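Have the structure open as you read.

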Amino acid sequence: MSNPFVQIVEPLDPKQPLKKFFNLSKLEDVRYGRLPFSIRVLLEAAIRNCDEFLVKKEDVENILNWKVVQHKNVEVPFKPARVILQDFTGVPAVVDFAAMRDAVKKLGGDPEKINPICPADLVIDHSIQVDFNRRSDSLQKNQDLEFERNKERFEFLKWGSQAFKNMRIIPPGSGIIHQVNLEYLARVVMDQDGYYYPDSVVGTDSHTTMIDGLGVLGWGVGGIEAEAVMLGQPISMVLPEVVGYKLVGNPQPLVTSTDIVLTITKHLRQVGVVGKFVEFFGPGVAQLSIADRATIANMCPEYGATAAYFPVDDISIGYLIQTGRDKEKVMCTKKYLEAVGMLRDFKNSSQDPDFTQVVELDLHTVVPCCSGPKRPQDKVAVSDMKNDFETCLGAKQGFKGFQIAPERHDNIVKFNFEGCDFELGHGSVVIAAITSCTNTSNPSVMLGAGLLAKKAVEAGLTVKPYIKTSLSPGSGVVTYYLRESGVMSYLSQLGFDVVGYGCMTCIGNSGPLPESVVEAITQGDLVAVGVLSGNRNFEGRVHPNTRANYLASPPLVIAYAIAGTIRIDFEKEPLGTNASGKKIFLKDIWPTRNEIQAVERQFVIPGMFKEVYQKIETVNQSWNALDAPSDKLYTWNPKSTYIKSPPFFDGLTLALQTPKTIEDAYVLLSFGDSVTTDHISPAGNIARNSPAARYLTSRGLTPREFNSYGSRRGNDAVMARGTFANIRLVNKFLNKQGPQTIHFPSGETLDVFDAAERYKQAGHPLIVLAGKEYGAGSSRDWAAKGPFLLGVKAVLAESYERIHRSNLVGMGVIPLQYLPGEDAGTLGLTGRERYTIIIPEKLKPQMNIQIKLDTGKTFHAIMRFDTDVELTYFHNGGILNYMIRKMAS
């Protein structure tokens, strides 16, 4: 099939042969010129697939007519140029690939057909923990401990990089996946196979959207879906609506990109953008650096959109040069984008596309703020933080409440730390972490934090020694410019030594708090606080002992660490008093925008990026010394507690099994709104009284050797036991937080895994009831794999976060959604009924199906298989089963 849109063009680089590209701007159909830039990238990917018989010309015409068809469920087969993975999601992906090779071989196929077709980069950034801090050797100590704990996982990943083609591993200690992607991996324009075309990417981490800030269309998908993409399967998605987010005005001098993104997050949660693209436009965009844009795009999952796109402009081109990319290639990138009409001028309103909906933000109205204490969208102006926290203390238990009795609000617990006496109360800061790709990728906020630290030290301020302070940059470039600009020593004096290059506190790898601090928190039942420059603060994520966690800019993290409490009004109260008795206020040490920009211009230079990234794959000697097997099929070690062949493909045959009606299912758990993937499959520490801990103990491990759930995602026996094991889980069947449920046949209250095992042994299927935004948060595939292994056949929710619904589909778990205007309350569901879910023989996307209860009641729900491709996966029992059958036959 010839592609009607392909044009041969003069070489953009005189040294290169003639290239082909899709010169859509030359089409007579002027509708293309009004398409959002994000949809243009989707269209380019779809048209490329014309040559592969994946897209018909009439489908392309449909996409061109975007304004007309966007509400008609038009499917787009999106084939991204690249896939990126991190180790927490990458290990289970490589485990699945290894198991799929075994399955294909058993079915008589060629196991080496299970191999990535498109380039895949795996960055190891999730394993390192803050075990050591406030010492000059913290970085080395944490990295040594990381290798001691994770050597087996790392050997397995190194085997994968050798056994599979097109898979590159970026070793531990190199940085955070999204920052490495922004500074090094992203191409913006691909130049391969005789074509120029826009760079695009999907990743197994929800914050893959960060790269949208550079004009590379990307978003997070479940690990299951990413594996299919790596094997050549396009993502079949319904053509999304695009919300145009217009930025106007200039930010105030004291405002950071963190304040802007927290404001946008709250705004877009109110607008409602789940399942949609957000595309930024307007003259205000031109006021933002690429690092600022990347910060805003990074938190796209927190406001619920699929992508948060900033089209490429001259500032993007300048960033490519600043970060040490090849200048000739950058110039070719610019010429290509000009040729196809995709280089944006944000000050030129005639380029503004048509959008489904337009919302606006005047950047001048943004004020310094934080978000918390339990959700990223709960923005609080810094000027209101003290009052807001004190209101939360007494408010009813919930997203903005802790239900502390009024007479206990001022309780104080005295404790001793390293020979000195201290006090803790509600609101005391015990963790202060400059962490996460959201902020450490941005030189302005990092240098702002460094300059604030310098002024604080010079003013005689200190941070109390029991507060767990840490600095975990997203790449070695950050350390480089902090050191060269002279601020690193001041950060160290306040306790913010570099503890590692990885996600760390942002994903719950906070490490232990001092025992005396934990005892004081426990003794006083205190609402202790973590302050971090991350993107998520869901309950139970940051640390088990910090019930309140606030997202803040790096300078504010330091400010609250110095203050030692969240209960401070920076306008009226001093940060502290120096040795001379002088009161020091935050305004006395806050650096100006001009100061920060002057330092950034002088010290953030291309040579730094080139020097750091030219040795990124070889700099870690511990990684280089790992000895990995070279066989194409993996030899599973039955004694391993990290790497285990999963049972997903046991008994798989080439013949399809007809989906059957789910009869008399029990409800395993009943939830309210905003149940996150952290609630479903926690990534942090393994509680000593949990089913996972009992399993590991039975295998001869001590609690010191448990590591984290995230590090054990290559072992289904641990992860099944860790499903719904979050200590902050709120199950409506019980009157307390905790990872337990009622086993209805016996009436006993059991750990969730133990109850599921009882149901399974008796042959009873299970379902889960939930409210709105079920599955918010990280794109972790174990939040779908775990329930599948527990015997959950379906989830019935009011709404789903996009990635988690996709993961459920990928595992063959049915995502059911209440009809509009209905929920468990309106239908009178208690969760104690038994549910029969009628599966018709002939299925179609988003069809209504019937559910019968043992009480005699009947109602309908929407089966959220949104495309024909998803129904194909369901008929195969999941996406991986489909791929195995495809490869084996």
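A salt bridge here is a side-chain nitrogen of Lys or Arg within 4 Å of a carboxyl oxygen of Asp or Glu. Glu390 and Arg567 make one, with their closest N and O atoms 3.3 Å apart. Keep in mind that this is a predicted model. The salt bridge count comes to 38, and the count of aromatic pairs comes to 30.

**Salt bridges**

- Glu390 sits in helix H13 (residues 385-394), while Arg567 is in the loop between helix H19 (554-563) and strand E24 (576-577), so this bridge links distant parts of the chain, 177 residues apart.
- Glu390 counts as partly exposed at 27% relative accessibility, whereas Arg567, at 16%, counts as buried.
- Glu617 bridges to Arg168, again with 3.3 Å between the closest N and O atoms.
- That pair links distant parts of the chain, 449 residues apart: Glu617 is in the loop between helix H22 (606-613) and helix H23 (621-624), and Arg168 is in strand E6 (residues 167-170).
- Both ends are partly exposed, Glu617 at 33% and Arg168 at 25%.
- Lys772 pairs up with Glu798, the closest N and O atoms being 3.2 Å apart.
- Here the partners are 26 residues apart, with Lys772 in the loop between strand E29 (766-769) and helix H28 (782-790), and Glu798 in the loop between strand E30 (792-797) and helix H29 (802-810).
- Lys772 is partly exposed, with a relative accessible area of 42%.

**Aromatic pairs**

- Trp219 and Phe277 have ring centres 5.6 Å apart and planes at 50°, so the pair is tilted.
- Because Trp219 lies in strand E10 (residues 217-220) and Phe277 in strand E13 (residues 277-281), the pair ties together parts that are 58 residues apart in sequence.
- Trp219 and Phe277 are both buried.
- Phe671 and Phe724 also form a tilted pair, at 5.8 Å centre to centre and 35° between the planes.
- This one runs loop to loop across 53 residues: Phe671 is between strand E26 (662-670) and helix H24 (677-680), Phe724 between helix H26 (716-722) and strand E27 (740-743).
- Phe671 is buried at 2% relative accessible area, and Phe724 is buried at 1%.
- Ring pairs also link Phe97, Phe156, Trp159, Phe164, Tyr634 and Trp636 into a cluster.

**Charges over rings**

- The charged end of Arg712 sits over the ring of Tyr642, 3.9 Å from its centre.
- Arg483 lies over the face of Tyr480, at 5.4 Å from the ring centre.

Notes. Residues are numbered from 1 along each chain as its sequence is written. This is a predicted model: local features need pLDDT of at least 70, side-chain atom pairs count only at pLDDT 80 or more; totals for chains, interfaces and linings use all residues. Side-chain values use heavy atoms; hydrogens and water are left out. Rings of Phe, Tyr and Trp (its six-membered ring) pair if their centres lie within 6.5 Å; planes under 30 degrees apart count as stacked, over 60 as edge-to-face and the rest as tilted. Helices (H or I, at least four residues) and strands (E, at least two) are DSSP runs, numbered from the N terminus. Buried means under 20% relative accessible area, exposed over 50%, partly exposed in between (1.4 Å probe, protein chains only). A charge sits over a ring if NZ of Lys or CZ of Arg is within 6 Å of the ring centre and within 35 degrees of the ring normal.
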